[in-house]
Amino acid sequence: MIAAVSVAALCLQLVACGGAAEETVEDTFDSTETEESATKTGEEEVSETDYDGVVIRLAVQKATYVVHLANALGYFENEFAEDGITVELDEFSLGPAIVEAINSDEVDFGFIGDLPAFSGLVNDGEYKIVGKYSDDYNGGLLVRDDSGIESLADLEGKKVAVPLGSTQQVLLEIYLEEAGLSDDDIDLVNLGFADINTSLLNGDIDAAVTGEPQLSQALNNGGVTKLLGSEGYKAFVNPIIATDDFLETYPELTARLLSVLQRAGEWAKENTDEAIELIAEATDASVDDIAPKLEAEGCDITAELTDDEIQALIKGAEDCYKYGLITDELNVEDYIDTSYLEQAGIQ
């Protein structure tokens with residue numbers, strides 16, 4: 001949100017995002033003024049007035065809680081509307097579809113799991129990881145109560161569903177390895193997150209690896225048990241990706257967007273109950289579906305990428321290659337750019 005505009009200096013000066021609950025909505029961003037503070041496209045300087053009509057297109061999923069929260073709080077409008085900038089949310093059901101939209105220039109930012117991000121990069125995706133939208137243990141193994149599955153070894157010969165290409169597939173492979181099993185030892189079924197719950201209720205599958213909010217929805221529906229979570233198996237650090245073209249053209253807007261998301265994530269920490277209600281309303285889910293993730297110890301929906309989270313992404317890429325989920329080894333650090341977080345004063 002813009003605190004003041006000095007037209008004579010052609011610089012955009014904004015107030016820093018403190019993240020504390022008592023700060024006002026206007027206190028969202030800080031950029032140090034320099035002679036090169038104006039965004040550049042080629043050799044031409046782009047002043048603030050050139051932002052008029054810009055649309056920032058965000059590809060989200062149901063579980064992209066921080067984006068839905070920022071939108072519900074009015075943070076995007078407050079930050080960008082005065083510049084004539086619009087922020088659009090386009091909802092997708094799975095990460096691979098978001099990668100396709102990024103690569104075809106249908107959206108500017110994507111909020112996805114690590115496997116879809118890695119898969120796109122090894123297939124020449126032209127984007128960078130610029131932050132995260134959540135870090136938690138958002139995943140688990142659900143089994144039907146009448147399936148006879150009481151341990152990972154009992155998955156052998158059973159119908160086990162997971163959205164192929166999603167980050168939950170990595171968790172399934174980790175489970176199978178621990179049990180001394182592989183994909184060939186189970187009847188692997190490719191289902192979307194929403195379809196998993198329906199199939200569990202109908203008895204079409206015996207078990208599934210899924211994430212929030214679908215995991216909690218299935219438990220609330222009854223008839224299933226959460227046999228295992230992801231803690232001790234896989235940390236889910238979910239990246240924010242942005243197209244190279246947008247990053248080159250609008251580096252300042254990228255920093256401002258991350259600042260807004262950071263602010264929303266910090267607000268959620270201090271106002272968890274209200275955040276849950278707003279997210280539930282925005283995503284047409286129940287409070288009981290949203291609460292388990294946001295109330296879980298260690299859940300972080302800020303944009304910051306810590307060293308530990310970067311290491312988790314590196315480990316995630318190694319696991320994806322190990323289990324044959326990506327075709328080539330990937331040096332993730334080559335595609336992580338924290339400069340926009342630094343410009344926003346986040347890290």
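**Close-up 1. Helix α1 and its burial.** Helix α1 is mostly covered, with 6 of its 8 residues buried (under 20% relative accessible area, with exposed meaning over 50% and partly exposed in between; 1.4 Å probe, protein chains only). The buried residues are Tyr 65, Val 66, Val 67, His 68, Leu 69 and Ala 70. Just after α1, Gly 74 has a positive phi of about 80 degrees. This is a predicted model in which local features need pLDDT of at least 70 and side-chain atom pairs count only at pLDDT 80 or more, while totals for chains, interfaces and linings use all residues. Residues are numbered from 1 along each chain as its sequence is written, and side-chain values use heavy atoms, with hydrogens and water left out.

**Close-up 2. The open sheet of 5 strands.** The strand order is β6-β5-β7-β14-β8, with mixed pairing. β6 (86-91) and β8 (127-136) stand at the edges with a single partner strand each, so one side of each has no neighbour in the sheet. Neighbouring strands are turned by 20 degrees against each other on average, direction ignored. Strands pair if DSSP finds at least two bridges between them; helices (H or I, at least four residues) and strands (E, at least two) are DSSP runs, numbered from the N terminus.

Close-up 3. β7 (residues 109-111) and β14 (residues 236-243) run antiparallel and are joined by 3 bridges. Phe 109 stands opposite Ala 242 in β14. Helix α1 (residues 65-72) packs on the sheet, touching β5 (55-60), β6, β7 and β8, and its direction makes about 140 degrees with that of β6. Helix α4 (residues 114-122) also packs on the sheet, where it touches β8 and β14; its direction makes about 40 degrees with that of β14. Contact means heavy atoms within 4.5 Å. Axes are lines fitted to C-alpha atoms, for helices over the stretch in contact, and angles run from 0 to 180 degrees between N-to-C directions.

**Close-up 4. The ring pair Phe 109 and Phe 246.** The whole structure holds 5 aromatic pairs (ring centres of Phe, Tyr or Trp, the last by its six-membered ring, within 6.5 Å; planes under 30 degrees apart are stacked, over 60 edge-to-face, the rest tilted). The ring centres of Phe 109 and Phe 246 are 5.1 Å apart and their planes are at 70 degrees, so this pair is edge-to-face. Phe 109 lies in β7 and Phe 246 in helix α8 (residues 244-249), so the pair ties together parts 137 residues apart in sequence. Both residues are buried.
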